[in-house]
Each structure stands twice: as C-alpha cells, then as structure tokens.
Amino acid sequence: MDAQAMIEAEAGARLALLLASYTRLAGVPLAADAGALWALPQAVLAHDTAASPRFIYGNASALALFRLEPAQLLGMESRLSAEPDARAQRAAMFAWLEAADIVTGYEGIRIA
C-alpha cells in the first residue's frame, strides 16, 4: 500500500468530514477532494478527539516536513509534534480553536 492510500485508509470517513468542515467554517474549500488535499503544498494534519489526540491524517507535505513515514505519523500523539518548550504555544492555539471553531494562519516550530 502506498503512503497516500495508507493515510487515507486511516482517516476514512473523517477525511470527507475534514474537507466539509473546513469549507463550512472557512467559507472556502481547503481542497476539492482527497487527492487534491494530499497534494497541497501546505502541510495538513488532523488528529482525533481523544483526551491525548493522535494523528489520523497528514498529507504529503506534512510527511516530508516531519520526515516521517505514514506508519510513524499515524497514531502519534499530536502533542509530541512540538518541542516541550513550545507546547504552551500549541495549547494556547487549541484554546483559541475551542472558542472560534477554526484557526488560520497559525505557525509553530515542530519536531522533525
């Protein structure tokens, strides 16, 4: 199974939900479909809603930036993608997300 197929299989129906939710909240589509999302030059990551969220999706750009194979990314606790001293900034972004439903323009240093 290639990287894209593995990632899309893990995300499953949540991938369509991600695309539809982004369009609804941002007012513009993130990508036309799963193939276009995979090919975006911007890194796109998604995680589940567990108490300690784990990645369920990362597009080709995200995998390249993090220097990870799909099997390494899928299931990784998303908090581990930030250096320990940058986790407070990441937590603040998630608090903002809870209040606003969408965050755009967020940048942060992540672990490769």
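User: Which residue forms a salt bridge with R54?

Analyst: Quick background: this is a predicted model, where local features need pLDDT of at least 70, side-chain atom pairs count only at pLDDT 80 or more, and totals for chains, interfaces and linings use all residues. Residues are numbered from 1 along each chain as its sequence is written, and side-chain values use heavy atoms, leaving out hydrogens and water. A salt bridge here is a side-chain nitrogen of Lys or Arg within 4 Å of a carboxyl oxygen of Asp or Glu. For R54, the closest N and O atoms are 3.7 Å apart, and the partner is E77.

User: How many residues apart in sequence are the parts that R54 and E77 tie together?

Analyst: R54 sits in the loop between β1 (45-47) and β2, while E77 sits in the loop between α5 (70-73) and α6 (87-100). Helices (H or I, at least four residues) and strands (E, at least two) are DSSP runs, numbered from the N terminus. So the pair ties together parts separated in sequence by 23 residues.

User: Is E77 buried or exposed?

Analyst: Buried means under 20% relative accessible area, exposed over 50%, and partly exposed in between (1.4 Å probe, protein chains only). R54 comes out partly exposed at 38%. E77 has a relative accessible area of 16%, so E77 is buried.

User: Which residues are linked in a network of salt bridges?

Analyst: E77 also forms a salt bridge with R79, with the closest N and O atoms 3.0 Å apart. The whole structure has two salt bridges. The linked residues are R54, E77 and R79.
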